[in-house]
Amino acid sequence: SSGINAEYGGTGGGIMWTANGEIIARNSPGESKAKNTGIFWSWFNTSMLVGNIFLFFYLGDSEAINAKERHVIYLVLGTLCTLGMFCFLLLQPPPPATKEDGEEGGEEGGNLQVVTPPEAQESIIQPIKDAMRFCCSWQMGLLYMPFIFSGVSLNFWSSVFITIIGEVFSKRSYIALGGIATGIGEISAGFIWGRLSTKIGRHGVVMCSTVILCILYYLAFISFPFDAATATTTRATDKPIIPSNLYLTLAMGVLLGLGDGGFNVSIYANLSTVFEHKPAPAFAVFKFVQSLMGAGAFLYCGSLQLPYQLAILAVTCLLACFSFTYLERFPQRVLVFLTDGEE
């Protein structure tokens, strides 16, 4: 049943994330995209604070979660999710695109150009065709590496990091504290990077996020046992290079949120700008690649020791930074969505 629930959650999450991207792109004219993306990211991640604060006080000092506690947790969080979904019904439909074919869409501090098709989408199949053209574009192929890293990073902070906290520290409520710290970092990332992107550019935000994440990976390497991510029935037995510390772990959670949020805010702002008139197919491909890599990372995270997982994260992070920076700084990038029958 848990596998079926995961499938339903993944399907619904993919649809909602695509809708979020569509709404942001359609309702953020001109230079407001980076700011609005940051605001959205901050508000979205307040859920990490609300949920983890509830878990922290509800679990208290317990060292294990029994069936009754699990049922209460699912009931409370499921109710909040249902209320959030109904809030979508209160949103107004996004305004239609008004730019003519061939009109350029620039970005703050950049030189991206967008060429839009002359006709609006005519059927439900057209977005799928547009997504396929997106996949085959060599220019947008440069975004695959950031997409891949966002999926691997998502798996790390949502499963590996909290697993490590549960193995290193005895109290289950410390897992909630780790989630709160990561949530604070993600919320701060939305406000900080959303503002700074207009001054240092999206590539500058990604470079700063890369530095933050590399520092985090080094701290995790020296302060956590190497078998902390793979221990199952028993607690981690390896000795870390330095003693594990709760306050350092919470600081790492904040750094993790800042770095991960910087990448996601930059990706969302990039797609909202470049694909302003066809955002849904672009965001659909982004979530497809991100989810695919997150699932792939989940397959090895329970069997691969922490240093190897950190190495994968560091390498993909550096490659994503290089790829995104190259895309942002490349002098002539024109993205064309061809309509049916055009060559």
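The model is predicted, so local features are given only at pLDDT of at least 70 and side-chain atom pairs only at pLDDT 80 or more, while totals for chains, interfaces and linings use all residues. Residues are numbered from 1 along each chain as its sequence is written, and side-chain values rest on heavy atoms, with hydrogens and water left out.

**Overall fold**

- The protein holds 11 helices and 2 strands, where helices (H or I, at least four residues) and strands (E, at least two) are DSSP runs numbered from the N terminus.
- Along the sequence, these elements follow the pattern α-α-α-α-β-α-α-α-α-α-α-α-β.
- Of the 343 residues in the protein, 46% are buried, a term that stands for under 20% relative accessible area, as against over 50% for exposed and the range in between for partly exposed, with a 1.4 Å probe and protein chains only.
- Among contacts (heavy atoms within 4.5 Å) between residues at least 6 apart in sequence, 79% join residues at least 24 apart.

**Helices α7 and α9**

- Two packed helices are described by the angle between their axes and the distance between the axes.
- For α7 and α9 the packing angle is about 155° and the axes are 11 Å apart; axes are lines fitted to C-alpha atoms, for helices over the stretch in contact, and angles run from 0 to 180 degrees between N-to-C directions.
- The two helices α7 and α9 are therefore roughly antiparallel, the class for angles over 145 degrees, whereas under 35 counts as roughly parallel, 65 to 115 as roughly perpendicular and the rest as oblique.
- On the α7 side the contact includes P146, F147, F149, W157 and I165, and on the α9 side it includes T249, M252, D260, F263 and L271.
- By class, this contact of α7 with α9 has 13 nonpolar, 5 polar and 1 charged residues, where Ala, Val, Leu, Ile, Met, Phe, Trp, Tyr, Cys and Pro count as nonpolar, Asp, Glu, Lys and Arg as charged, and the others, Gly among them, as polar.

**Helices α3 and α4**

- Helix α3 (residues 46–59) packs against helix α4 (residues 67–87) at an angle of about 155°, with their axes 12 Å apart, which makes α3 roughly antiparallel to α4.
- The crossing of α3 and α4 is right-handed.
- From α3, the residues V50, G51, F54, L55, Y58 and L59 meet K68, E69, V72, I73, V76, L77 and L80 from α4, and by class this contact has 10 nonpolar, 1 polar and 2 charged residues.

**Individual residues**

- T325, in helix α11 (residues 306–329), counts as buried because its relative accessibility is 16%.
- The side chain of T325 reaches the backbone oxygen of C321 at 2.7 Å, and, leaving aside neighbours within four places in sequence, T325 is in contact with H203 and M207.
- S266 belongs to helix α9 (residues 246–274) and counts as buried at 3% relative accessibility; not counting residues up to four places away in sequence, S266 touches R202, V205, V206 and F324.
- G166, in helix α7 (residues 144–168), is buried with a relative accessible area of 4%, and its C-alpha lies 9.5 Å from that of A229, although G166 and A229 are 63 residues apart in sequence.

Conventions
Polar contact = N/O pair within 3.5 Å; in protein donor to acceptor, adjacent residues only side chain to side chain. Left-handed = near helix turned anticlockwise from the far one by under 90°.
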